Amino acid sequence: MTKTNFVTCDLLDANPESQVCLPNIEGKSFYSFGGKDRFCGEIVTVKCFEDNSRVKELLNTDGRDAKGEGKVLVVDGGGSMRCALLGDMIAQSAIDNGWAGVVVYGCVRDVDDMAQMDIGVMALGCIPRKSNRRGEGQTDIEIRFGDLTLNSGMIIYADNNGIIASDKPLIA
C-alpha cells in the first residue's frame, strides 16, 4: 500500500484505533470536490468562521513536510454553509506550493474547476458566495468535528469511503 493507492477501509481495518470522521454530521456529509479523490498527509489545522484569510495565507506557503511530501490543511469552518472557504484560485496556490489536499468543515466554490485540479478537496458542500476576509482565524490549534479531534502534525487519510486520522503514519 502506498500513499496513492490506499483505501481508508483497509487502513482502518488494520489500525482500528484510528479516529473516524462520522459520515453524517448534523445532517451534513463530506464530499470530494478535487481532482484527486484519494489523498493523505500531515495535518495543519486552521479554525475560521466565514473568513478564509488564514486559509489563503497558509496555502500560499510551502506545503511540504520534512520528507518533501504534501501536507493537508484541515479547516474547521464551524460547519457553515453560508459561504465558501476555498475556491479555485486558492486551490491553485495550494498546488503550486506542494499541498496534498484540503479538508473543509464548511463549503467550497468553483467546484467544476477544482474537479480538474491535481489536489484532494473534501468539504461539506459548495456555494457560490465567497467569504469576507477580516484577517480572523487561528492556526495550529486543536480542532474538533465529526467525532474527530485533530492537531497539527497528525496524519489524515481521505478517499471516497471517508476520512480517518492517526497520531502515526499508517502507510510506510
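Biologist: Which residue just after α3 takes a positive phi, and of about what value?
Modeller: In this predicted model, Gly-98 is the residue in question, with a phi of about 85° just after α3.

Biologist: How much of the chain counts as buried?
Modeller: Of the 172 residues, 52% count as buried, the cut-off being under 20% relative accessible area. The accessible surface comes to about 8100 Å², and carbon and sulfur atoms hold 46% of that area.

Biologist: What share of the contacts with a separation of 6 or more comes from residues 24 or more positions apart?
Modeller: Such residues account for 75% of those contacts. As a separate case of distance in sequence, Gly-146 and Lys-28 are 118 residues apart along the chain, with their C-alpha atoms 9.6 Å apart in space.

Biologist: Why is Gly-146 called buried?
Modeller: Its relative accessible area is 7%, and buried means under 20%. Gly-146 is therefore buried, although its place is in the loop between β8 (143–145) and β9 (148–150).

Biologist: Why is Asp-110 called partly exposed?
Modeller: Partly exposed residues fall between the buried limit of 20% and the exposed limit of 50%. Asp-110 has a relative accessible area of 28%, and therefore counts as partly exposed. This residue is found in the loop between β5 (101–108) and α4 (111–114). UniProt, in an unreviewed entry, places the feature "binding site" at Asp-110.

Biologist: Which residues does Asp-110 touch, leaving out those up to four places away in sequence?
Modeller: Asp-110 touches Gly-87 and Asp-88.

Biologist: Is Met-89 buried or exposed, and what makes it so?
Modeller: Met-89 has a relative accessibility of 70%. Exposed means over 50%, so Met-89 counts as exposed. Met-89 is found in helix α3 (residues 88–96).

Biologist: Which residues of α3 are buried, and what do they pack against?
Modeller: They are Asp-88, Ile-90, Ala-91, Ser-93 and Ala-94. These buried residues pack against α2 (53–59) and α4.

Biologist: Why is Arg-109 also given the class of partly exposed?
Modeller: Its relative accessible area is 25%, which lies between 20% and 50%; Arg-109 is therefore partly exposed. Arg-109 is placed in the loop between β5 and α4. Beyond residues up to four places away in sequence, Arg-109 touches several others, among them Gly-87, Asp-88, Met-114 and Arg-129.

Biologist: How many positive and negative side chains does the chain have, and how far apart are the centres of the two sets?
Modeller: There are 18 positive and 25 negative side chains, and the centres of the two sets lie 5 Å apart.

How values were computed
Residues numbered from 1 in each chain as written. Predicted model: local features only at pLDDT ≥ 70, side-chain atom pairs only at ≥ 80, totals over all residues. Heavy atoms only, no water. Buried < 20%, exposed > 50% of the residue type's maximum accessible area, 1.4 Å probe, protein only. Contact = heavy atoms within 4.5 Å. Areas by Shrake-Rupley, 256 points an atom, 1.4 Å probe, with all protein chains shown as cover. Lys, Arg positive; Asp, Glu negative; His and termini not counted. Charge placed at Lys NZ, Arg CZ, Asp CG, Glu CD. UniProt positions renumbered as here; feature names shortened; annotations may be inferred. Helix = DSSP H or I, 4+ residues; strand = E, 2+ residues; numbered from the N terminus.
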